[in-house]
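Please look at the sequence and the model, then read on.

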Amino acid sequence: MRKKLLSSLLVTAMAVTMLAGCGSNGGQQASTPATENKTETSAEAKTDDTAGTTTTEGGKIGVAMPTKDLQRWNQDGTNMEAQLKEAGYEVDLQYASNDIPTQVSQIENMINSGCQMLVIASIDGDSLGTVLEQAKEKDIPVIAYDRLIMDSEAVSYYATFDNYKVGQMQGQYIVDALDLENAEGPFNIELVTGAPDDNNVNFFFGGAMDVLQPYIDSGKLVVPSGQTEKAQCATANWSTEEAQKRFENMISAVGYGPNGVKLDAVLCSNDSTSYGVQNALQAAGYTADNMPIITGQDCDKPNVKNIVSGLQSMSVFKDTRTLAEKVVGMVDAIMKGTEPEINDTETYDNGTGVIPSYLCDPVVVTVDNYK
Ligand code: BGC
């Protein structure tokens, strides 16, 4: 940890000395990535009150987001861009259509076009090692945003929500809703999580299973499909369609239905997968009146509508404005050669050591508090 902090501060000092020269690198042209290319390169000009002249403060920050498909990443990108500009930085914001080569080439462009720092929400946490070696060679600090980037020495800091807590909240919601402490059961449950290459899945699924496993072990909860391993419950790219397909197959294999095998709860790690499960259940005849307990995460608008109409039981709200605020604070501290605010130095080891992290607090949302 100490090694990380020290090397970050060293990198910081270098980044600060690089500032003046960086803009001049901007003329270097790199190939434009495929779709969802949104580049904002207008330098934010600020008036220097004392001198009465206009100066460009800050420097250029590259912000790489995975996709525009999900509401949350659009909000993350918008918040980061607005708050970085407000703090006096120029922003290169890119979305990569959940396509790994696109994200790699966007990051390469950022490195070659004079970005002094990179903030990256990875598509696949294991695929950025090579491109980030270039960042390390150029002493460009990297902040992993929401998802940890694995096996890369280039990552200086990590900012996210308390992902283990998110999983625990989902598991605990099911325990309380079924009153597992007192009810006799057994109850039928199925498990759905997200992309296997997203490190967060280990924490979401791990947190939820730490709460649910004792009830599975005691027989109070039963998983009729038999699919309890993380790999069996994973959903490529967190795709709604994939989650829906897997659940349709499960419904016919197990015989779930309003007049068939009773399904009491579905653990879903996020809203996009939860939506797919709800589609499959509705197609099998379930309505708001007889839906099982279904969890989610993100408070995406269609899911909040379903919480209100009774199709989904809960979601977990993660205020992306707070996350952006913390990350912009980190960027600013590193650029100014001071120590960023962190509140966790134990949990997130990316394979090269523990990455100093800031974990924001998630909040459970139900029909009672969604407003
Ligand atoms: C994020 C979740 C999101 C999921 C799918 C995860 O890494 O933490 O908020 O629902 O990715 O995009």
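Helices (H or I, at least four residues) and strands (E, at least two) are DSSP runs, numbered from the N terminus. By this definition the protein chain has eleven helices and 14 strands. The model is predicted: local features need pLDDT of at least 70 and side-chain atom pairs count only at pLDDT 80 or more, while totals for chains, interfaces and linings use all residues. Residues are numbered from 1 along each chain as its sequence is written, and side-chain values use heavy atoms, with hydrogens and water left out.

**The chain as a whole**

A residue is called buried under 20% relative accessible area, exposed over 50%, and partly exposed in between (1.4 Å probe, protein chains only). Of the 371 residues in the protein chain, 53% are buried. Accessible areas come from the Shrake-Rupley method with a 1.4 Å probe; for residues, only the protein chains shown count as cover. The protein chain exposes about 15300 Å², and carbon and sulfur atoms supply 48% of this area. A contact means heavy atoms within 4.5 Å. Among contacts between residues at least 6 apart in sequence, 74% join residues at least 24 apart.

Two strands pair if DSSP finds at least two bridges between them. Six strands form an open sheet with parallel pairing, in the order E4-E3-E5-E6-E7-E13. Its edge strands, E4 (90-95) and E13 (357-360), each pair on one side only. Strand E3 (residues 60-65) takes part in the two pairings below.

| Pair | Sense | Bridges | Opposite residues |
|---|---|---|---|
| E3 and E4 | parallel | six bridges | Val63 and Leu93 |
| E3 and E5 | parallel | four bridges | Val63 and Val119 |

Helix H2 (residues 71-86) lies across E3, E4, E5 and strand E6 (142-145), and runs at about 170 degrees to E4. Axes are lines fitted to C-alpha atoms, for helices over the stretch in contact, and angles run from 0 to 180 degrees between N-to-C directions.

**A residue after strand E14**

Val367 is found in the segment after strand E14 (363-365). With a relative accessible area of 44%, Val367 is partly exposed.
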